[in-house]
Amino acid sequence: MSGENFYSMLGPSWDSLPKEKRQEFLQKLYQYASEKGCKQVSLINKAGKIAGYASAMRLDVTMP
């Protein structure tokens, strides 16, 4: 956590998940992070790029 942002590094199993499961995970993580005072969640893949983002207004996952 950094201020109002929650960052999480993803493991290799993320790559095998279908888009629906990725969205479901990100939504649950956003709910958890918002309870802790965060307003944004960023998921970072093994290449250091954003693989998912969630806020009150948006939820996006990147598919390879």
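**View 1. P18 sits in the loop between strand β1 and helix α1.** Welcome to this predicted model, in which local features need pLDDT of at least 70, side-chain atom pairs count only at pLDDT 80 or more, and totals for chains, interfaces and linings use all residues. Residues are numbered from 1 along each chain as its sequence is written, and side-chain values use heavy atoms, with hydrogens and water left out. Helices (H or I, at least four residues) and strands (E, at least two) are DSSP runs, numbered from the N terminus. Is P18 buried, exposed or partly exposed? P18 is partly exposed, because its relative accessible area is 39%; buried means under 20%, exposed over 50%, and partly exposed in between (1.4 Å probe, protein chains only). From P18 to V61 the C-alpha distance is 10 Å, although 43 residues separate the two in sequence.

**View 2. The whole protein chain has 1 helix and 4 strands.** The C-alpha trace spans about 30 × 20 × 15 Å along its principal axes. The radius of gyration of the protein chain is 11 Å, which agrees with the value near 11 Å for a compact globule of 64 residues. That radius is taken over C-alpha atoms, and the globule rule is 2.2 Å times the number of residues to the power 0.38. Buried residues account for 31% of the 64 residues. Take the contacts between residues at least 6 apart in sequence: 55% of them join residues at least 24 apart. Here, contact means heavy atoms within 4.5 Å.

**View 3. The surface of the protein chain exposes about 4,400 Å².** Carbon and sulfur atoms supply 53% of that area. Accessible areas come from the Shrake-Rupley method with a 1.4 Å probe, and for residues only the protein chains shown count as cover. How far apart are the mean positions of the positive and negative charges? For the 9 positive and 6 negative charges, the mean positions are 3 Å apart. Lys and Arg count as positive and Asp and Glu as negative, while His and the chain ends are not counted.

**View 4. F6 and Y32 form one of the 2 aromatic pairs.** Their ring centres are 6.4 Å apart and their planes stand at 85°, so the pair is edge-to-face. By the rule used here, rings of Phe, Tyr and Trp (its six-membered ring) pair if their centres lie within 6.5 Å; planes under 30 degrees apart count as stacked, over 60 as edge-to-face and the rest as tilted. F6 belongs to strand β1 (residues 5-9) and Y32 to helix α1 (residues 19-35), so the pair ties together parts that are 26 residues apart in sequence. F6 counts as buried because its relative accessibility is 13%. Y32, with a relative accessible area of 40%, is partly exposed.

**View 5. W14 and F25 make an edge-to-face aromatic pair.** The distance is 6.0 Å centre to centre, with 65° between the planes. W14 lies in the loop between β1 and α1 and F25 in helix α1, so this pair ties together parts that are 11 residues apart in sequence. Is W14 buried or exposed? W14 counts as buried, because its relative accessibility is 6%. F25 is partly exposed, at a relative accessible area of 38%.

**View 6. Y7 has its place in strand β1.** With a relative accessible area of 43%, Y7 is partly exposed. Which residues does Y7 contact, leaving aside its neighbours within four places in sequence? They are S2, S42 and I44. Between Y7 and Q40, 33 residues apart along the chain, the C-alpha atoms are separated by 8.5 Å.

**View 7. Strand β3 (residues 50-55) holds S55, and I50 is found in strand β3 too.** S55 counts as buried, because its relative accessibility is 16%. Setting aside neighbours within four places in sequence, S55 is in contact with Y30, K39 and Q40. I50 is partly exposed, with a relative accessible area of 46%. Beyond its neighbours within four places in sequence, I50 is in contact with S42, L43, I44 and T62. The C-alpha atoms of I50 and T62 are 7.8 Å apart in space, and these residues are 12 apart in sequence.

**View 8. P64 lies in the segment after β4 (59-61).** P64 counts as exposed, because its relative accessibility is 92%. A distance of 18 Å separates the C-alpha atoms of P64 and E24, which are 40 residues apart along the chain.

Terms used
The place of a charge is taken as NZ of Lys, CZ of Arg, CG of Asp or CD of Glu.
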